[in-house]
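Me: Hi! Could you walk me through a few local features of this one?
Reply: Happy to, let's have a look.

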Amino acid sequence: MPAARFGLEDALGARFLLASAGGAGALAAREAVALIDGTLVADVTLAQAEAAVALDDGAAPAVILALDGADDAAVQDALAALVPSALARGCPVVVAMTVAQIDPVIAALPEDAPAIQLLCDPDQAEWISALAMAAVRDDGRLASGDDESERQARLNAEVARIAALLAQIARRTGPGAGGARDRHMTFGAADGAPRALPAANAVRDVLRARRLRDRFFGAALFEDPAWDMLLDLFAARLEGTRVSVSSLCIASAVAPTTALRWIAKLTAARLLERRPDPDDRRRAFIALSDEAAIAMERYVAALAEARLPLV
């Protein structure tokens with residue numbers, strides 16, 4: 001099937017290097033490359049990937065890592081060896097993993113690497129979208145189908161909206177906030193006044209209510225993964241517990257690939273931060289940034305003063 005059928009004309013002839021553990025993901029990646037009329041310049045094992053990238057003398061190919069079937073040690077070794085050299089050469093990287101591999105993969109990846117796309121148990125549409133975006137990286141165009149373009153645009157806009165809202169709350173209630181304001185719109189606690197925090201179980205109740213709503217109306221209708229993640233991390237902060245990446249994906253109530261994209265966007269917006277597990281290099285934790293935590297506390301205080309519920 002020609003790439004034009006998917007609206008992927010800009011990806012025609014793109015070069016890809018596939019490294020895999022020989023699982024089903026490798027077959028799906030090969031099919032996706034063929035569907036966008038790309039060129040597979042190398043098809044190697046994970047252990048051979050770094051050498052294959054170094055030996056390639058053409059334009060920097062997009063590197064595909066299909067990790068299903070590899071154990072945690074092989075996953076971490078492959079990522080540690082390949083990703084830095086691929087990024088240094090200007091190769092975009094697409095990493096496909098299983099749900100069970102989320103934590104070791106995230107723990108092994110650099111924190112700020114916009115050239116890396118993460119897929120979790122992807123379907124064919126997700127494969128095609130990711131490879132198309134990798135193929136057109138040079139001019140910044142998004143050459144995926146309309147549905148994916150709109151989904152990415154909504155994701156970017158929603159993260160920007162949440163970040164702006166929390167920043168606005170912080171400005172209204174933080175030190176130095178002043179000037180003439182409509183008092184009916186100013187609900188924040190007075191500067192320096194202690195803020196009564198909700199009980200963690202009250203925040204958890206909000207999340208349970210949102211999932212109960214999904215049972216009656218369907219999950220897709222009310223998807224709000226960014227807020228679900230912030231609520232889950234806020235509750236964890238109140239409890240003094242840590243949240244793994246895989247656990248946060250579950251809390252988001254969306255597909256793992258979508259959840260990973262949201263985590264990346266929220267981290268880029270400095271609402272979330274990644275913290276390595278000092279006892280297990282195969283795992284990383286996600287937490288609210290200090291800025292986001294302060295904004296959440298002020299938001300909750302503003303709701304309490306206005307006698308409004310946390311939803």
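Reply: Arg270 is exposed, as its relative accessible area is 63% (exposed means over 50%, buried under 20%, partly exposed in between, with a 1.4 Å probe and protein chains only). This is a predicted model, where local features need pLDDT of at least 70, side-chain atom pairs count only at pLDDT 80 or more, and totals for chains, interfaces and linings use all residues. Residues are numbered from 1 along each chain as its sequence is written, and side-chain values use heavy atoms, with hydrogens and water left out.

Me: Thanks! Where is Arg270 found?
Reply: Arg270 sits in the loop between α10 and β7 (272-276); helices (H or I, at least four residues) and strands (E, at least two) are DSSP runs, numbered from the N terminus.

Me: And what phi does Arg270 have?
Reply: A positive one of about 65°, although Arg270 is not a glycine. Most residues other than glycine have a negative phi.

Me: OK, what about Arg307, buried or exposed?
Reply: Arg307 is exposed, at 78% relative accessible area. It is in the segment after α11 (290-305), and its phi is positive too, about 60°.

Me: Switching to α9, how many of its residues are buried?
Reply: 6 of the 8 residues in α9 (245-252) are buried, so the helix is mostly covered. Among them are Val245, Leu248 and Cys249. Just after α9, Ala253 takes a positive phi of about 65°.

Me: Nice. How do α8 and α10 pack, at what angle?
Reply: Helix α8 (residues 225-239) and helix α10 (residues 256-268) pack at about 70°, with axes 10 Å apart. That makes α8 roughly perpendicular to α10 (65 to 115 degrees; under 35 is roughly parallel, over 145 roughly antiparallel, the rest oblique). Axes here are lines fitted to C-alpha atoms, for helices over the stretch in contact, and angles run from 0 to 180 degrees between N-to-C directions.

Me: Which residues meet there?
Reply: Pro225, Ala226 and Met229 in α8 meet Ala259, Trp262, Ile263 and Leu266 in α10, where contact means heavy atoms within 4.5 Å.
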